[in-house]
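Visitor: I am new to this structure. Please take a close look at one part for me, and then link that part to the rest.

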Amino acid sequence: MRKLSNNTKYDFKFKYLVNYCIVLALLVLGLVLMFTGGLKMSFARLLTQIGFSIILAVSLNLVVGFLGELSLGHAGFMCIGAYIGGFSANLLSNYIGSKFLVLVLTMIIGGVLASVFGFIIGLPSLRLKGDYLAIVTLAFGEIVRNIFKNQKAFGGAMGLSTGRIQYDSRNNMTLFIITFAIALIMLFVLQNLVRSKHGRAITAIRDNEIAAKAMGINVTFYKLLAFIVASFFAGVAGVIYAHYTTPVSYTFFSYNYSIEILVMVVLGGMGNITGSIIAATLISCVNFFLQSRLSGDLAALRYLIYALVLIFIIIFSNAPALRPFKEKYGISALSEKIKKLLKKSKPFNPAVIKEDEGSWDRIPTKIDMDALLSTDINPDTPDEQEGADKKSD
Amino acid sequence: MANNVMQKEMSDNNIMLKTEHLGISFGGLKAAHDINIEIRKNQLYGLIGPNGAGKTTVFNLLTGVYTPLTGKFYLDGEDLTGQRQEIINRKGIARTFQNIRLFNNMSVIRNVLVGLHNSPEYKCTPFESMFRLPRHFDSEERMRDRAKELLSIFGLEEERNLLACNLSYGNQRKLEIARALATNPKLLLLDEPAAGMNPQETAELMKTIKFIKNELNMTILLIEHDMKLVAGICEELTVLNFGEVLAQGKTSDVLNNPDVITAYLGQDED
């Protein structure tokens, strides 16, 4: 018994280490370039963008993938973080000299405020399901950015000027280090949450809310918990954004950006953290290169090319013709190979999940979007279709 | 007089579930009306009746899915009427579902672990889990052992790492019972546990139910259509028809009651 459980710990550790490794690899890439002097401003900015995209995608994955609620308001939480973080950073920088300290303090302020709104948005989610909740969160995102747009204190339609607190300067580009550090902390917290009894409760609610209630799971608590944690990290990402670009403009946090985050989650697979990280990296890069490399007439086609790339990725990730290729060279095959090298053991049987705790990222990654959207609103209808066998002795 | 009161208290102490005039109606339909059931501790009680008689409605009332319009029910002397589902479960009523409701995308052992979620001995806050404090590891380790123990009662410990949806139908039913038992209930409600099972599986299930009752000292209320199973294990029965109690009492008496036979098989034409 003892030996078995030791084995489990080994097993699941490997799985979540992969996620840390990807983020660390990006960080190390940036650091190496920095110390060899090859780090260009544009690449440092790309790394920061990848960093906060990862934070946004993985935190949204908690709500969409693990809790199973469709939220289209993630940019709204980011917006709160960006405006509040930028505003308070402007204030704090009058008193505190260290930019780092200001950044950390405003992250806490922005994150907490965003999570307060996460709590408020989580409340209707207790009664609304599927597309209804999607509409509410969508409206929330729009309302938030329009409120900020109309506040003089936050710069009105011009956007909040955060030029004073920009973290990166021409010869000191370190914001990406902090961003990836935050991403690592977020991975630690979220993965630990997901792979615990609380994560089990959250996935139980996704799988069958009625049964979860009947098992004594406090559905209210866990739905709110997921929303609060996710919106906290979205707020933190917003604060990073405020330190990354100026002015903080309400136009950035539009419906489109919420969808873009959702696309990262869906591409990576719902309930699959590794997938979210890779998809966030990929989409950020595609966006970045399309923005910076296309010029002249091609620039007008940016969104068209972006759409084509997305379609290509989706086809690639699902096409049956490509399956044998993926089985040989895909990521899961690669990780299996590494594992075999490390362990030299049992043949891989996809039906058997590794000992429970490791299985959090083997949850089928593709929840049917249709099923998610057409959730039964009133599943409590009395079901009295008893069996047909009615003999009395 | 004092003796009488004493006796009444004694008998109250021995009663696990008591419903008083429990009833609910949907629009004009009285789905359950004036249901009075008393279940003694460690008793195996059956609830039968034709289609649409309101058996599952009674389960839904007892587990808080519906709030009763009339009447009350007491578990071990405690009034639980109108409480929320999760509260009722924590107070000690666990159920299975007629149409199986497992957590299909989770492994078998995880299903049971969800059932163990509220056990006071495995307490651990989200904060402790997020930051991996010692209590997290401790409680997870012990929960896992307990879950394996429960699965072994049903002979499922070999399948514990399969996805729940990949189990056979009979095993899924068993897993549902194991999951309900994991919540450490005082009263177990089984909604047609033998539905869809072949005779051999049913016989096996009968053994398991008896085992749960005798070895784990469980009080069980069960809905069933398989009369062999009902006659074989239930001590007392309540027969429902059109939402009302048709007959109540010892199993053999009830099954020979002409009203019950009429309700099930219909009346002779002549």
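Guide: Start with contacts in chain A. Take those with a sequence separation of 6 or more: 81% of them join residues 24 or more positions apart. Keep in mind that this is a predicted model. Chain A has 393 residues, and 45% of them are buried. Its secondary structure comes to 16 helices and zero strands.

Now pick out one helix pair. Two packed helices are described by the angle between their axes and the distance between the axes. Helix α3 of chain A covers residues 74-92, and helix α4 of chain A covers residues 99-125. They pack at an angle of about 145°, and their axes are 8 Å apart. The crossing of α3(A) and α4(A) is right-handed.

Which residues meet there? On the α3(A) side they include A:Phe77, A:Ile80, A:Gly81 and A:Ile84. A:Gly85, A:Ser88, A:Ala89 and A:Leu92 in α3(A) also take part. Among those in α4(A) are A:Val102, A:Leu105, A:Thr106, A:Met107 and A:Phe117. Sorted by class, the contact of α3(A) with α4(A) has twelve nonpolar residues, seven polar ones and no charged ones.

Step back to the nonpolar interior. In soluble globular proteins, nonpolar side chains tend to be buried together. Here the largest nonpolar core has 175 residues. A:Ile55 and A:Ala226 have the most contacts inside it. Domain 1 (15-92 + 187-264) and domain 2 (97-184) of chain B both give residues to this core, so it lies between them. Look at A:Ile55 by itself. Leaving out residues up to four places away in sequence, A:Ile55 touches A:Ile182, A:Ala183, A:Met186, A:Phe233, A:Val236 and A:Ala237.

For a contrast, go to helix α15 of chain A, residues 331-343, where A:Leu341 lies. A:Leu341 has 8 other C-beta atoms within 10 Å, so it is exposed; the cut-off is 12 or fewer. A:Leu341 and A:Leu175 are 166 residues apart in sequence and 37 Å apart in space, C-alpha to C-alpha.

Most residues other than glycine have a negative phi, and most peptide bonds are trans. In chain A, a cis peptide bond joins A:Thr246 and A:Pro247, with omega about -5°. A:Pro247 sits in the loop between α9 (219-244) and α10 (255-268) of chain A.

Chain B brings in the domains. Its domain assignment gives domain 1 (15-92 + 187-264) and domain 2 (97-184). The C-alpha centres of these two domains of chain B lie 25 Å apart. 13 residues of domain 1 of chain B are in contact with eleven residues of domain 2 of chain B. On the domain 1 side, α3 (85-91), β8 (187-191) and α8 (199-215) of chain B each give two or more residues. By class, that side has five nonpolar, four polar and four charged residues.

B:Asp34 is not a glycine, yet its phi is positive, about 55°. B:Asp34 lies in strand β2 of chain B, residues 29-35, and counts as partly exposed, with 15 C-beta neighbours inside 10 Å. B:Asn217 is not a glycine either and has a positive phi of about 55°. B:Asn217 is in the loop between α8 and β9 (219-223) of chain B. With 10 C-beta neighbours inside 10 Å, B:Asn217 counts as exposed.

Note on methods:
Residues are numbered from 1 along each chain as its sequence is written. Chains are lettered from A and ligands numbered from 1 in the order in which they are written. This is a predicted model: local features need pLDDT of at least 70, side-chain atom pairs count only at pLDDT 80 or more; totals for chains, interfaces and linings use all residues. Axes are lines fitted to C-alpha atoms, for helices over the stretch in contact, and angles run from 0 to 180 degrees between N-to-C directions. Helices (H or I, at least four residues) and strands (E, at least two) are DSSP runs, numbered from the N terminus. A crossing is left-handed if the near helix is turned anticlockwise from the far one by less than a right angle, and right-handed if clockwise. Two residues are in contact if their C-beta atoms, placed from the backbone, lie within 7 Å. Ala, Val, Leu, Ile, Met, Phe, Trp, Tyr, Cys and Pro count as nonpolar, Asp, Glu, Lys and Arg as charged, and the others, Gly among them, as polar. A nonpolar core is a set of buried Ala, Val, Leu, Ile, Met, Phe, Trp, Tyr and Cys residues joined through C-beta atoms within 7 Å. A residue is buried if 20 or more other C-beta atoms lie within 10 Å of its own, exposed if 12 or fewer, and partly exposed in between; C-beta atoms are placed from the backbone. Domain bounds come from an automatic or database domain assignment.
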